Amino acid sequence: MKNYILTLSALFAGALFCAAQTVNDGLIYGQNDNLYGTARYRALSGAFGALGGDLTAVGQNPAGSAIFANHYASFTLGYNKKNNSGIYFGNDTNSSESDINFNQFGGVLVFNSVQDNLLNKFAIGLNHDTTRQYDDYTFLRGVGNTSISQYFLNNANGFTVDNFQVRNGETISDLYQFLGEQVGFDAQQGFLGYEAFVIDAVDDANPNNTQYVSNTGTGAFTQAYQVETAGSQWKTSVNIAGQFAEKWSFGLNLNGHFIDYARFTSFQEANSNTDATTTDVRFDNRLDVEGAGFSFQLGAIGNLTESLRIGATYESPTWYSIDETLTQDISTTRIENGSFVDAIVRPNVINIYPSYELRTPGSLTGSIAYIFGTSGLISFDYSTRDYSHLQFETGIDDNFTNNNLFINENLQRANTIRIGGEYRIERLTLRGGYRTVESPYEDKSIMDDLNGFSLGLGYNWGNTTLDVSYDYSERNYSQQLFDTGLTTRGDINNDTSNVMVSLGFNF
């Protein structure tokens, strides 16, 4: 079947943010709550700011590459599993998703100074980390008293019915495309509801009619809502660092950030209401996202004593350029002359949104670690990031005013605490860690704090190292179904487990 490509005029980009560029999406791309990287880094729950000597840790504090004693390279393979327990109108559901991924690879070259001067050694490195795996599946099911028809009514009311009526020689795709180019996203939604018989005009014969009624009746509605996401987000860092006077290390990272994200949502509703003419509705949406961004980091690590180290890192905001596309279709079953009749509205049009800029907030991290000779260590990190500084930007004035206003009123500064430790038994190392990440929302019923722990083992053959880790995290949040009309929420408990294996080489 022919696909129609719809390029939405920049004139209407502001009206479309509710469909694609939402605050929740901005947090998905910019929230720094995910544990990623090498097995050793994850086994200590990321508490590496004052330690260095690990490639993912270099991505946290760029001074860490100067801690390496020699050239080093590593790569990491991981298994990820996410479980989601949902409650929607008192009904419990469970869903899960798992995947195996190549998570990290990189290397660092270390050069010792041959002269007796201030600079003892310097290092240059390149590292790639998958910072977020999007593969996930969430399912909600329950019985409510608000229909999906309210979503279509809220979008349709105010538009004349002649906007929604397909004319002679015109196709559904033609009209859907026209509405997107000339009227806006809300008109497209009203048209889908009207064409699929979810709603009807109060006076269908009057082309100037602007009021609509529901065809799903009043009473109870059995609803199911699934969200399936896929893709990943990754960071590639170019690093340079130096160690001075055998005491202080300073470093710089230049980071490239990349997003490849897809979200499919499917909503289904059924009713047996006596005043309903439409009994079943299925509404599908697919959002595809590609993005690229840049950030930089400055870091320092100091040896206060032979055992005590401190570290500090400044991470700049990340400046993203993001492109999004959306496709939609709807199918229904209605009663007509005593028979059940199916309707499928599939425009086969790709909504291409104007590119927009997203600036995610920067962060500050302070770290301290104590080294127990060759026996082990304990490390502590404290990071802070102000999510009220998350900002949508575009070349057109005021397009994202509502998003940015919501951010200023509802998001807050969020702090992260990480604690990790190691204990060495000859060539074997035992590891563990704990972390807690505060919610970016002032209202924690929308998203609660995240808590997690980690365990790990490492074995050192001298030139080769093998590290294995397990980490677990848990967070509660709520899932809102639609931005208008049907705004009910389901409660989700998400727990994530990861097993990582890293192989490293000293040379």
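The legends below describe close-up views of a predicted model. In this predicted model, local features need pLDDT of at least 70 and side-chain atom pairs count only at pLDDT 80 or more, while totals for chains, interfaces and linings use all residues. Residues are numbered from 1 along each chain as its sequence is written, and side-chain values use heavy atoms, with hydrogens and water left out.

**View 1. The largest nonpolar core has 60 residues.** A nonpolar core is a set of buried Ala, Val, Leu, Ile, Met, Phe, Trp, Tyr and Cys residues joined through side-chain atoms within 4.5 Å. Buried means under 20% relative accessible area, exposed over 50%, and partly exposed in between (1.4 Å probe, protein chains only). Tyr29, Phe152, Tyr212 and Ile330 have the most contacts inside this core. Helix H7 (residues 185-195) gives the most to this core, with five residues. Helices (H or I, at least four residues) and strands (E, at least two) are DSSP runs, numbered from the N terminus. Another core, of eleven residues, lies apart from the largest one and has Leu35, Ala43, Phe48 and Leu377 among its members.

**View 2. Helix H5 (residues 149-156) is largely enclosed by the rest of the structure, because six of its eight residues are buried.** The buried residues are Ser149, Tyr151, Phe152, Leu153, Asn155 and Ala156. Their cover includes H7, strand E6 (199-201), strand E7 (212-214), E10 and strand E12 (318-336). Leaving aside neighbours within four places in sequence, phenylalanine 152 is in contact (heavy atoms within 4.5 Å) with Gln189, Gly190, Leu192, Gly193, Val198, Ile199, Phe283 and Ile330. Just after H5, glycine 158 has a positive phi of about 105°.

**View 3. Helix H6 (residues 172-182) has buried residues, and a glycine with positive phi comes just after this helix.** Ser173, Leu175, Tyr176, Gln177, Leu179 and Gly180 are buried in H6. The glycine is glycine 184, with phi of about 145°.

**View 4. Strand E11 (residues 308-315) pairs with E10 and with E16.** Two strands pair if DSSP finds at least two bridges between them. Strand E10 (residues 278-303) runs antiparallel to E11, and seven bridges join them. These two strands form a hairpin with four residues between them. Within this pairing, alanine 300 has alanine 312 of E11 as its bridge partner. Eight bridges link E11 to strand E16 (residues 363-372), again in the antiparallel sense. Here tyrosine 314 is bridged to leucine 364 of E16.

**View 5. Phenylalanine 89 and asparagine 337 are residues other than glycine with positive phi.** Phenylalanine 89 lies in the loop between strand E2 (72-88) and strand E3 (91-112), and its phi is near 50°. At 44% relative accessibility, phenylalanine 89 counts as partly exposed. Asparagine 337 lies in the loop between E12 and strand E13 (339-345) and has a phi of about 55°. Its relative accessibility of 77% makes asparagine 337 exposed.

**View 6. Serine 45 is a buried loop residue.** The loop runs between helix H3 (39-43) and helix H4 (55-60), and the relative accessible area of serine 45 is 0%. Its side chain makes a polar contact with the side chain of serine 454 (2.7 Å). A polar contact is a pair of N or O atoms within 3.5 Å; within protein, one must be able to donate a hydrogen and the other to accept it, and residues adjacent in sequence count only if both atoms are side-chain atoms. Not counting residues up to four places away in sequence, serine 45 touches Leu35, Arg418, Ile419, Gly433, Tyr434, Arg435, Phe453 and Ser454.
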